Amino acid sequence: MSDLLFRNISQYINLSEEDFQQFVKPFELKTFKKKELVLKEGDYCLFEGFVLKGCFKICYLNENGFEQTLYFAVEGWWITDIDSILNNVPSILNIEALEDSEVLMISKKDKEHLYETMPQIEKLFRIMNQRSSVALQRRILSLTGKTADKRYLEFLEKYPGLEQRITQQQVASYLGITHEFLSKIRRKIFEK
């Protein structure tokens with residue numbers, strides 16, 4: 001169960017088996033059914049979760065009432081609303097399971113305790129937050145400065161195989177375009 005988590009954190013820090021067991025102890029395994037909300041807009045986010053199995057979309061409704069997907073989280077990715085959990089404000093995000101899924105979840109309180117008792121864990125999450133900031137910056141630059149065609153190709157590269165697991169509407173929401181426009185892009189790309 002925790003092998004994937006061990007491999008994930010080993011990219012950033014070295015932990016002995018004993019330290020890893022101490023680290024993983026406060027995590028709780030939760031299962032979510034397809035279409036189940038892990039976090040609902042207006043609720044307070046009290047967790048961070050590591051996806052062991054399944055797929056999630058992290059999205060919000062824009063001022064026109066259209067869903068905009070920020071990112072997808074598949075096996076080996078983390079889910080949370082960083083603004084809500086850090087600043088103790090209601091979430092503007094929805095986190096929805098797109099498949100039956102399993103997540104290792106840790107509360108903010110338990111994570112803070114790990115920071116106090118295991119200094120290398122604070123380093124781990126600092127590095128992960130830095131990488132997340134870079135990814136979000138690249139996402140913003142892509143949305144504001146690249147054509148829909150290029151964003152679609154980036155999506156395929158960033159999420160290999162995901163297009164077969166989610167709907168075309170969900171892909172279009174991530175790209176910030178309509179489903180019909182996505183169909184035109186796909187046709188154009190696959191005709192080449």
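Is N88 buried or exposed? At 53% relative accessibility, N88 counts as exposed (buried is under 20% relative accessible area, exposed over 50%, partly exposed in between, with a 1.4 Å probe and protein chains only).

1. Basis. This is a predicted model, in which local features need pLDDT of at least 70 and side-chain atom pairs count only at pLDDT 80 or more, while totals for chains, interfaces and linings use all residues. Residues are numbered from 1 along each chain as its sequence is written, and side-chain values use heavy atoms, with hydrogens and water left out.

2. Largest pocket, extent. The largest pocket holds about 1500 Å³ of space. Its lining has 42 residues, and W77, R131, S132, A135 and L136 are the closest to its centre. A pocket here is an open set of points on a 1 Å grid over the protein atoms alone, where a 1.4 Å probe fits, with protein on both sides within 12 Å along at least five of seven lines; lining residues have an atom within 4 Å of a point. The volume is the space filled by probe spheres set on the points, with grid points joined across faces, edges and corners.

3. Largest pocket, lining. Two or more lining residues come from each of β4 (55–61), β5 (67–74), β6 (78–79), α3 (82–87), α5 (119–145), α6 (148–158) and α7 (168–175). Helices (H or I, at least four residues) and strands (E, at least two) are DSSP runs, numbered from the N terminus. The element that gives the most to this lining is α5, with 14 residues. By class, the lining has 21 nonpolar, nine polar and 12 charged residues; Ala, Val, Leu, Ile, Met, Phe, Trp, Tyr, Cys and Pro count as nonpolar, Asp, Glu, Lys and Arg as charged, and the others, Gly among them, as polar.

4. S132. This residue is in helix α5 and is one of those closest to the centre of the largest pocket. S132 counts as partly exposed, at 35% relative accessibility.

5. Second largest pocket. Its volume is about 230 Å³. K57, N62, F66, E67, Q68, Q169, Q170, A172, S173, G176, I177 and T178 line this pocket. Both β5 and α7 supply at least two lining residues, and α7 has the largest share, four residues. The classes are three nonpolar, seven polar and two charged.

6. α7 against α8. Helix α8 covers residues 179–191 and packs with α7 at an angle of about 95 degrees, the axes being 9 Å apart. Axes are lines fitted to C-alpha atoms, for helices over the stretch in contact, and angles run from 0 to 180 degrees between N-to-C directions. The two helices are therefore roughly perpendicular (65 to 115 degrees; under 35 is roughly parallel, over 145 roughly antiparallel, and the rest oblique). On the α7 side the contact involves Q168, Q169, V171, A172 and L175, and on the α8 side H179, L182 and R186; contact means heavy atoms within 4.5 Å. This contact has four nonpolar, three polar and one charged residues.

7. I177. The loop between α7 and α8 holds I177, which also lines the second largest pocket. I177 is buried, with a relative accessible area of 14%. Leaving out residues up to four places away in sequence, I177 touches A148, R151, A172, L182 and I185. I177 and Y152, 25 residues apart in sequence, are 10 Å apart from C-alpha to C-alpha.

8. α4 against α5. Helix α4 (residues 108–117) and α5 have axes that come within 5 Å and cross at roughly 120 degrees. That angle makes α4 oblique to α5. K111, L114, Y115 and T117 in α4 meet P119, I121, E122 and F125 in α5. By class, five residues of this contact are nonpolar, one is polar and two are charged.

9. Positive phi. Most residues other than glycine have a negative phi. K35, in the loop between β1 (28–32) and β2 (37–39), has a positive phi near 75 degrees. K35 is exposed, with a relative accessible area of 63%. N88 is not a glycine either, and its phi is positive at about 50 degrees; N88 lies in the loop between α3 and β7 (94–97).

10. N14. The loop between α1 (3–10) and α2 (17–24) contains N14. N14 is exposed, with a relative accessible area of 76%. N14 and Q120 are 106 residues apart along the chain, and their C-alpha atoms are separated by 8.5 Å.
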